[in-house]
Amino acid sequence: MKATAKAHTNIALIKYWGKRNDALILPTNSSLSLTLDGFYTKTSVHFKEELNEDVFELDQEIVTGVAYERVTSYLDLIRSFARTDLHAEVQSTNAVPTAAGFASSASGFAALAAASTKALDLDVTDTDLSRLTRQGSGSACRSIYGGFVEWKEGTRDDGLDSYAVPIAPQEHWDVRVAAVVLTAREKDISSRVGMKRTVDTSVFYQGWLDSVPHDLSEIKDGIQVKDFEKVGSIAEANCLKMHATTLGATPPFTYWHDTTMAVMQTVQGLRADGIPAYFTIDAGPNVKVLYLPEHEEKVQQTLSSTPGVTDVILSRAGSGISYV
Ligand code: 2P0
């Protein structure tokens, strides 16, 4: 009763920003992402009769505390789905440099859901797997698929219609992403806390919700016809709207640092020089930059020479879940 799965992380071009149900992780809006090749988690799950509790090892170290609790409560969900009370040994390795500012929760929960259902020999479709993964971490449900992926918000209270669907495969379009690593400290308001405070208090939150359906439908058109300016400018504007909601919250907050803004200005400068490049930022200070392969050298050089940038990690579009 053992299986190993590999899942890549993803970067949202239309952001998931708010829950309508915290327990089931149901979002207030649909979102869309690109799965990335450069960053992944590989997880083995081994269910064993002789275990009295779950064991979780990350990068060869035993994990305890909050991170362990999150994994074991997720396994409780899988156990209740599979009607078993077996405990498991979970071994994960993360190829997601934490400094790059990617949440490892997306690839982490996608790999955990895939490996644990496979280990129990459950007959699950990709849709079932996406719904199960969503309940570990929202953005993780998009990592079941490669390429461009939409997470449909759904309308049902039980969440059965809230899952990811593939929009265009990895091979459809060679769009690249540079993860810009900054000297800034890690975020001190987690995405979960920031998202909740924004939904509960931001005077700009309704404006965000009203704007997402149009952004989503336009970006999907842009992806189909490979219109990079359209896709990039919608992604950048959508990210700015998401971050604007944090300024209207009580108490107000922002994930940006001075170096975050310096990189945003560098990207705008690239465009002024005729290089199409667009930024997006998640719930933290780091910036991701979308560009096309023919501009890789120029984009990398320009980003690397921005003061406060310590590293620039390049990635291509990635694939969905695979089993090892
Ligand atoms: C996203 N983020 O769409 C958005 C954009 C951050 C900004 O998904 O509470 O770790 O586990 O469902 O998935 C980060 O939130 O939150 C996130 P939970 P998650 O990628």
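1. Domain division. The chain of this predicted model is divided into domain 1, covering residues 2-171, and domain 2, covering residues 176-315. Extent of the interface. On the side of domain 1, 34 residues are in contact with 39 residues of domain 2. Domain 1 and domain 2 bury about 2800 Å² between them, and 69% of this area is on carbon and sulfur atoms.

2. Polar features of the interface. Three salt bridges are found across the interface of domain 1 and domain 2, together with 12 residue pairs in polar contact, where both residues have pLDDT 80 or more. The elements that give two or more residues to the side of domain 1 that touches domain 2 are β1 (2-14), β4 (31-48), β8 (148-151) and β9 (164-168). Of that side, the largest share comes from β4, which gives seven residues.

3. The structure holds 15 salt bridges. One of the pairs links parts of the chain that lie 267 residues apart, with Asp-282 in the loop between β11 and β12 and Lys-15 in the loop between β1 and β2 (19-21). The side chains of Asp-282 and Lys-15 meet at 2.6 Å, taken from N to O.

4. The sheet of four strands. In this open sheet the strands follow the order β11-β12-β10-β13, and their pairing is antiparallel. Strands β11 (278-280) and β13 (309-315) stand at the edges and have a single partner strand each, so one side of each is left without a neighbour in the sheet. On average, and with direction ignored, neighbouring strands of this sheet are turned by 25° against each other.

5. Pairing of β10 with β13. Strand β10, residues 176-182, pairs with β13 in the antiparallel sense, and six bridges are counted between the two strands. In this region Leu-182 stands opposite Val-309, a residue of β13.

6. Helices against the sheet. Helix α6 (residues 228-247) lies across β11 and β12 (287-291), and runs at about 35° to β11. Helix α7 (residues 258-272) also packs on the sheet, where it touches β10, β11, β12 and β13, and the direction of α7 makes about 155° with that of β11.

7. The loop between α6 and α7. Pro-251 has its place in the loop between these two helices, α6 and α7. The peptide bond that joins Thr-250 and Pro-251 is cis, with an omega of about -10°.

8. Strand β7 and its partners. Strand β7 (residues 87-95) pairs with β4 in the antiparallel sense over nine bridges, whereas β5 and β7 run parallel and are joined by four bridges.

9. A positive phi angle. Asp-59 is found in the loop between β5 (55-58) and β6 (61-62). Although Asp-59 is not a glycine, its phi is positive, at about 50°.

Technical notes. Residues numbered from 1 in each chain as written. Predicted model: local features only at pLDDT ≥ 70, side-chain atom pairs only at ≥ 80, totals over all residues. Heavy atoms only, no water. Pairing = 2+ DSSP bridges. Axes fitted to C-alpha atoms, helices over the stretch in contact; angles between N-to-C directions. Contact = heavy atoms within 4.5 Å. Domains from an automatic or database assignment. Buried area = accessible area lost by both parts, 1.4 Å probe. Salt bridge = Lys/Arg side-chain N within 4 Å of Asp/Glu carboxyl O. Polar contact = N/O pair within 3.5 Å; in protein donor to acceptor, adjacent residues only side chain to side chain.
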